Amino acid sequence: METNIDDDIKPVEPSNESDLESFGSLRALILVRWITLFFGLFIFLSDEKIIFGTEKYVAISLLFLLNTFRTFIPIDLSNATKIRILNFLFDLIVLCAAITMTDQFKSPFIFTFIPVLILLGVSEGLFISTFASISVIGILTEMIFIRNSNGQSLQLILQNVIVFISASAIGVAIGEYIRDTNRRSQLVADEIKRMGKANSLLLA
C-alpha cells in the first residue's frame, strides 16, 4: 500500500502575524516615541520666542499621556482590523490636537507622528498609511486657516508631506520584509517536515 507523503503532511499556512503582532510593543519603537517627544520638548524650551500658555501645557500633557499609555498598552497588531484602525485613529487624533495647539507645521512636536505612521505602515500597508499621512496634512493645513496661524509656508508643508509619507513607506517596507521572512521560514519548516516523514517511511 502506497503512502502519499504530501497527504500525510498538511503544510501550515505561513503566518504573517507571528512577528508582526509583537512589533507594536518593541522597545525600539516605544523608544522612538519618547525620543521624538523629548526632542520636541527640547526645541520647545530652547525657543526664546515661544509664548507659554494654557494650550501649550495641555498639548504637552496630551503627548506625555499618550506616550505613557502606549508604553504600557501598545497597539496590538494581532487584533482585528477594526480595533487596530480605531487605535491608530485615537493616536492620530490626539497628536493632531496637540500639534494644532503648538503651531501646526511649526510645532516642535511635529515628529511625534513618525513612529505612529511607521507602525501604521507595518500593520495596514501602503494605501491606508498613505491616506492617513495625507489626512493628517490636510487637517493641520485646515487648522492653519481656522486659527489664522502665521508663518506656515508652502515649503514647510511640503517638507512635512515628504516626511510623513516617507515614514509610512518605511513602515510598509518593514511590514513586507517581516511577512516575506515568515513565509520563507514556514516553507523551510514544511520542507523539513516532509523530509522527516520520508526518512521515517524509509526506515520503517
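Which residue follows α5, and is its phi positive or negative? Helix α5 is followed by G125, whose phi is positive, near 90°. The legends below describe close-up views of a predicted model, in which local features need pLDDT of at least 70, side-chain atom pairs count only at pLDDT 80 or more, and totals for chains, interfaces and linings use all residues. Residues are numbered from 1 along each chain as its sequence is written, and side-chain values use heavy atoms, with hydrogens and water left out.

**View 1. The stacked pair of F52 and Y57.** A search of the whole structure finds 10 aromatic pairs; rings of Phe, Tyr and Trp (its six-membered ring) pair if their centres lie within 6.5 Å, and planes under 30 degrees apart count as stacked, over 60 as edge-to-face and the rest as tilted. One of the pairs joins F52 and Y57, which are stacked at 6.3 Å centre to centre with 25° between the planes. F52 is partly exposed, with a relative accessible area of 43%, and Y57 is also partly exposed, at 49% (buried means under 20% relative accessible area, exposed over 50%, partly exposed in between, with a 1.4 Å probe and protein chains only). Ring pairs link F44, F52, Y57 and F109 into a cluster.

**View 2. The edge-to-face pair of F69 and F90.** These two rings lie 6.2 Å apart centre to centre, with 75° between their planes. F69 belongs to helix α3 (residues 54-72) and F90 to helix α4 (residues 81-100), so the pair ties together parts that are 21 residues apart in sequence. Helices (H or I, at least four residues) and strands (E, at least two) are DSSP runs, numbered from the N terminus. F69 is partly exposed at 35% relative accessibility, and F90 is partly exposed at 41%.

**View 3. The covered helix α5.** Of its 12 residues, 12 are buried, including F113, P115, G121 and E124.

**View 4. The packing of α5 against α6.** Helix α5 and helix α6 (residues 126-146) pack at an angle of about 150°, with their axes 7 Å apart; axes are lines fitted to C-alpha atoms, for helices over the stretch in contact, and angles run from 0 to 180 degrees between N-to-C directions. This makes α5 roughly antiparallel to α6 (angles under 35 degrees count as roughly parallel, over 145 as roughly antiparallel, 65 to 115 as roughly perpendicular and the rest as oblique).
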